Amino acid sequence: MKQLVILSGKGGTGKTSVAAAFAHLAAEGEPPVRAVLADADVDAANLELVLSPQPLETHEFVGGSVAVIDPELCQGCGRCCDVCRFDAVIPPSPDVGRRGQGGEGRAHTIDPIACEGCAACVYQCPEEAIHMAPQLAGHWFRSDSRYGPLFHAALRPAQENSGKLVTLVKQQARLLALDGGYDAVIVDGPPGIGCPVISAASGADLALIVAEPTAAGIHDMERVLATVAHFRVPALVCINKADIYPAGAAEIEAYCHAHGVEVVGRIPFDPTVTEAMVHGEPATAYRPDAPASRALGKVWQRVAIGLECHATS
Amino acid sequence: MKIAVASGKGGTGKTTVATSLALSLAMGEPDQPVPPPPAFLDCDVEGPNAHLFLAPIFERRQDVAIQIPRVDAAKCTACGRCAEVCQYHAIVVLGKRTLVFSQLCHGCGSCTLVCPEGAISEEPHAIGALEAGPAVRGIPFARGVLNVGEPMATPAIRQLKQWAISASGAQGSVVILDVPPGTSCPVVEAVRGADYLLLVTEPTPFGLHDLRLAAEVAVELGIPAGVIINRDGIGDAGVDAFCAAAGLPVLLRIPFERAIAEGIAQGRTLVDIHPEYASRFSTLYQQIVGQVISLSRAGG
């Protein structure tokens, strides 16, 4: 069983469109590759929009905790405020104190959005007036899609711990793949290079970087290639919307050549990709003969060889 | 006035909008004295790109560091109190040794405070850098860059805002923040304290799905928001219907045009490709000011 992660650095280069096409091509290929799908972009999960999954299970995701101060116990000493490095403790307003609202007028409060969940204040409060309250940060789902099992998640807006949720979604996909004798796990990754990307890429056998031939796309491709190299995940690159700026595509190829990274295909700009998205289908299923679909087919063939999936099916 | 340009979905054109808004304000209105340029903060520390369009000359640089614990083995009794209070499993006791995992550490200092032997001191661990200097049209530009392999973007964004907003003396003037994609902690850190959230989207099912989430962030943080529809004409009408139903004003539409896509790919700004956008962005800014003022009056 092999694990593929699809990354890009820059957002909006087409990771999810590529992942959806791979899900389709894997399931209906000759021979088929049996794949479990995982949407690891839990901030903005879009793979479900093109795979029309039937939900089988919904689970709560409790991420970190935030501090809560009991106003009855707080004596207003301000120790919590002194030790908090995240500016999350709000001192009582002087006006409230003057109005003389009993003990509660002295109480400090916590800004739950600023709170990092470190609990330093909990251990320093001399009145033991602070406790940690677990936060429902989102949900994760196991679904059946027309191309195989899909694990996905929805992080509630403005929540922390998306890296933890990514790890959870991926672990679940991996467990099912191992139990069910699947050939591969295909992970649709998040943008960036930080915590959720590191979580999505860890343990992958291969990363496919979807690069865009734009000034910003090339800059971010270099950063994500350095990131996967840092974690020793081998990478391939495909160039999406390659004909928008041919000089940029040539620059990507030169960079990859110089760094020993194989470029496995150029996908042309093709309105079919957006039309397919509007119809809720992968481009390769919606219009198999479109230029983008044919290019995606070739990229998948090369990636499947990289995963050594064909031999096992 | 702090305007944060955000999106939920990546690649919708945040940097395109943020850079052209900054340039338009720096150019000022015809027949008017040129106003002081707005400050620009690139808060997308995982994939900072605005420098490619605004060509800053970096004159100041500072490390982004978090304070990580350092255990004095001579004083440590391996009592395990530090490991007990650490919420991130960044410090563990194995036998007689206390180990620190710097990449898990959030730099909260809790272990230092609880160590009964006073065996823990702290040392800075660099996770990235802050850079600042003048960009085109005198725009004070600052950015944060997260080091490759470092997981935590949030401290870099927090320190960038503290460093740049105070240093540029930007009090009272305009600050434009280019926000990372997504809806979780780095986004919240970047938009906290903003007076207005400018949401850039594209009229597709992916754009709509992620705009909904970004709009929820705006509500959660109590920041007024408006929408720019980029690549107008591709996709479907879902985004328009959502904005109408949610009461989100659509402030600008940028059509899908190959000339724009090619120009941006080459590192040109929208106001350079189509100069008529300068006055559109100035009008958009006036609308934002109007919306913020009327809301602050309504709020008392």
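Modeller: Domain bounds here come from an automatic or database domain assignment. This is a predicted model, in which local features need pLDDT of at least 70, side-chain atom pairs count only at pLDDT 80 or more, and totals for chains, interfaces and linings use all residues. Residues are numbered from 1 along each chain as its sequence is written, while chains are lettered from A and ligands numbered from 1 in the order in which they are written.

Start with the domains. Chain B is divided into domain 1 (2–63 + 130–298) and domain 2 (73–118). The centres of these two domains of chain B, taken over C-alpha atoms, are 40 Å apart. Chain A is assigned domain 1 (2–52 + 146–312) and domain 2 (64–135). In chain A, 44 Å separate the C-alpha centres of domain 1 and domain 2.

Now the close look: helix α6 of chain A, residues 162–179. Helices are DSSP runs of H or I with at least four residues; strands are E runs of at least two; both are numbered from the N terminus. The expected span of a helix is 1.5 Å times one less than its number of residues. α6(A) has 18 residues, so it should span 26 Å; its end C-alpha atoms are 26 Å apart, which agrees.

Which residues of α6(A) are buried? A residue is buried if 20 or more other C-beta atoms, placed from the backbone, lie within 10 Å of its own; 12 or fewer make it exposed, and anything in between partly exposed. Ser162(A), Gly163(A), Leu165(A), Val166(A) and Leu168(A) are among the buried residues.

What covers them? The cover includes the strands β2 (35–39), β3 (54–69), β6 (130–145), β7 (148–155) and β8 (184–188) of chain A. Helix α7 (195–201) of chain A is also part of that cover. After α6(A) comes Gly181(A), with a positive phi near 65 degrees.

Two residues are in contact if their C-beta atoms, placed from the backbone, lie within 7 Å. Chain A brings 49 residues to the contact and chain B brings 51. On the side of chain A that touches chain B, α6 supplies at least two residues, as do α5 (120–124), α7, α8 (215–230) and α10 (272–278). α8(A) gives the most to that side, eight residues.
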